[in-house]
Amino acid sequence: MFNISLFSYFGASLGYFVYLVYRKPMVSTLATASVGIGLLAHTVWMGLRSMETGHGPYTSNFEIAMFFSWMIVVVYFLTEWKYKIKDLGAFVIPMAFLALLFSAFFTKDVALVKDSHPFWMTLHRTLSVLGYAAFTIAFAASIMYLIQEHQVKSKKLGIMYFRMPSLEVLDKLNDKIITIGFPLFTLGFMTGPLWKVKMQQPVLTWDLMKTWPLVIVWIIYGAIFFGRMFAGIRGKKAAQGAILGFVMVIVTYFMHV
Amino acid sequence: MIMADPNLVLVGVNHKTTPVEIRERLAFSPGEIEASLERLISHPEIIENIILSTCNRVEIYARVRNTEQGVLLLKQFICDYHKISLPELDSYFYSYQDEAAVEHLFRVSSSLDSMVLGEAQILGQVKDAYSLARALRSTGMVLNQLFEKAFNVAKRVREETGIAERGVSISSAAVELARKIFEDLENHSVMLVGTGEMAELAAKHLISYGVKTVYVASRTYERAVSLAKTLNGAALDFDMFKEQLHRADIVITSTAAPTFIIKKDMVERAIHQRKNKPIFFIDIAVPRDIEPEVNDLENVYLYDIDDLQSVVAANIHEREKEAESALEIIQSEVNKFNNWVVSLDAVPTIVEMRKRAESIRQKEVDKAIRKMSHLSEEDKQMLHIATQSIINKILHKPTVNLKKQTQSQEGHVYLKAIRHLFHLDD
């Protein structure tokens, strides 16, 4: 099952790229079908594993990476359904593939959970992963925005100019996904210390090295979130911000692992 | 492959072969097409026909009994109808037969043969010509299939190549840019500064894509008022437009002013007032109306006439490149159509069906003879003759009926059924 998902996402990533360049409608349909199959296998596999372990897929490094990949695909499907931006797949699905591939390097052993507050752990980790998945989509939309913006600005209208959606749509998508993702991420971020409190661990013992990048991530997305509302931040600046934020997310992740 | 039966021919003139003075004399009005289709179809030589008449081409597609005579007949018909002598026109005509005619129609419907490569109008015109002919029952199995196929091919070409996706006029390129900056033009506004003809054209194009709010500013206020009226917009006092700049998402300038009338600081202010919402400036004035440095501002896009012209040139070049992949599609569809035509021919199927029966008969009779060693040579001969005659009698009616049915609309269905029932395709 795991391998089916992995291969499906890989195939779909290739498919979306081929579609981006050669625009054969068949390829796009196949790629979408492939992602669908991958997601189905992914979901079933994750469900079975959770039934076996008795908790959701967020207790080990392996589970979290795999869960993150799953969430990216789910959020991608929701976005695609709402915005119909086919070419987004070429930028998003490779990320889901990489996350899943990355998870394969961790041990699949079930982690020992000595946690007496599964509710708080579930809340904290699910919200965080959901937030990160949203940021991944925002990252993809931002890359597309910058490519498109560059073409229009420099007046060199290449192949991508015609294939990719308008700046307004890409900016709107970036806006929507951060508007939803940032509060979720914030909740996830705040439930972390709460969970520690519930476990009766002193909150302030967490490693500063592990925490400061997260704070920076929060500040970056917060700046985009509030900047859009109050300071007219949009378009290129918002896209650059979302890319910077995502890079920081990756940095944070590797510092946590 | 050679089309054995259908004898398709096409005779016509188009913008490449024939000057407009001749083309306009050869055009058929819709009423004339109706009359001509009826006259042609009543001719014993012609089985099916369709007339396509647009400002760039006049073509008659027909299925005839004999291709050479058919071509001559159609040429003669066009000349007689328009009262011109054939020798006078003959050098303008082109004519294609069978495969070449199929390919030509596919090229026409996909707009590869058009003056402006990839334009959308021709497909509608071909569709109209077809439905008119179909309504008058001047088409039959072959032309129906051919034209339906031609529409499919055009659709494929449009979807799978970029032949139609790039604007090849200044105003369409400008609209395209506007739609890559703003998705939906409906909630956006355009401001015309100056009332040049090209600016008006671009504005109309934008309005056709949904722009509802239009402002017009001109040094002569009356001109602004009258243009605003035709565009259903509001006239602005020329001194006022600078203060109103932030209201416009798209600004088209076309004044005769000798210096820049829109400067960077002015746009900077407008963008600030708009909270960084983008503005798209289209400067079609020569000398230019807008300071080029305006393009350096974030969320501001400025295209002058040269920029747009080079976009158009690049687009035309792209369409030409796309036309090559369109040709590949057309070639493969011509082959498919040919296969369909070949499958219409009853003779090979009949031969195969008889061969199949004969081989079974031969095998079974040989087997029986081996078991009946007492038979004389004469008896054996009789056995062969009797079994052969059984087969001939059984297959006689199917053969005759199959030949008859393949002349009808559903001929290919019968052929398919026979091939399936007798297992001829393994």
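**Figure 1. A salt bridge between A:Asp171 and A:Arg228 in the predicted model.** In this predicted model, A:Asp171 and A:Arg228 form a salt bridge whose closest N and O atoms are 3.0 Å apart. The pair links distant parts of the chain, with A:Asp171 in helix α7 (residues 167–198) of chain A and A:Arg228 in helix α8 (residues 208–230) of chain A, 57 residues apart. Both A:Asp171 and A:Arg228 are buried. Over all chains, a search of the whole structure finds 27 salt bridges.

**Figure 2. A salt bridge between B:Arg25 and B:Glu88.** The closest N and O atoms of B:Arg25 and B:Glu88 lie 3.9 Å apart, and the two residues form a salt bridge. B:Arg25 belongs to helix α1 (residues 20–26) of chain B and B:Glu88 to helix α4 (residues 86–89) of chain B, so the pair ties together parts that are 63 residues apart in sequence. B:Arg25 counts as partly exposed at 41% relative accessibility, and B:Glu88 is partly exposed with a relative accessible area of 43%.

Figure 3. B:Arg288 forms a salt bridge with B:Asp304, for which the closest N and O atoms are 3.5 Å apart. B:Arg288 is placed in the loop between β9 (279–283) and β10 (300–304) of chain B, whereas B:Asp304 is part of strand β10 itself, 16 residues apart. B:Arg288 is partly exposed, with a relative accessible area of 34%; B:Asp304, at 13%, is buried. Elsewhere, B:Lys149, B:Arg156, B:Glu160, B:Glu333 and B:Lys336 are joined into one network by salt bridges that share partners.

**Figure 4. The surroundings of B:Ser114.** B:Ser114 is located in the loop between α5 (98–109) and α6 (121–135) of chain B. With a relative accessible area of 9%, B:Ser114 is buried, because buried residues are those under 20%. The side chains of B:Ser114 and B:Ser111 are joined by a polar contact of 3.1 Å. When neighbours within four places in sequence are left aside, B:Ser114 is in contact with B:His15, B:Arg57, B:Glu119 and B:Ile122.

**Figure 5. A nonpolar patch on the surface of chain A.** The patch is formed by A:Met1, A:Ile4, A:Ile37, A:Leu40, A:Val44, A:Leu48 and A:Met51, which together have about 700 Å² of accessible area. Helix α2 (residues 25–53) of chain A gives the most to this patch, with five residues. A:Val44 lies in helix α2 of chain A and is partly exposed, with a relative accessible area of 35%.

**Figure 6. The span of helix α2 of chain A and the residue that follows.** At 1.5 Å a residue, the 29 residues of α2(A) should span 42 Å, and this agrees with its end C-alpha atoms, which are 42 Å apart. α2(A) is followed by A:Gly54, which has a positive phi, near 85°.

Figure 7. Chain A has nine helices and zero strands. Of its 257 residues, 53% count as buried. Among contacts in chain A between residues at least 6 apart in sequence, 78% join residues at least 24 apart. Chain A exposes about 12,100 Å², of which carbon and sulfur atoms supply 74%.

Terms used: Residues numbered from 1 in each chain as written. Chains lettered and ligands numbered in written order. Predicted model: local features only at pLDDT ≥ 70, side-chain atom pairs only at ≥ 80, totals over all residues. Heavy atoms only, no water. Patch = residues over 30% accessible without salt bridge, like charges linked within 9 Å, V, L, I, M, F, W, Y side chains within 5 Å. Areas by Shrake-Rupley, 256 points an atom, 1.4 Å probe, with all protein chains shown as cover. Salt bridge = Lys/Arg side-chain N within 4 Å of Asp/Glu carboxyl O. Helix = DSSP H or I, 4+ residues; strand = E, 2+ residues; numbered from the N terminus. Buried < 20%, exposed > 50% of the residue type's maximum accessible area, 1.4 Å probe, protein only. Expected span 1.5 Å × (residues − 1). Polar contact = N/O pair within 3.5 Å; in protein donor to acceptor, adjacent residues only side chain to side chain. Contact = heavy atoms within 4.5 Å.
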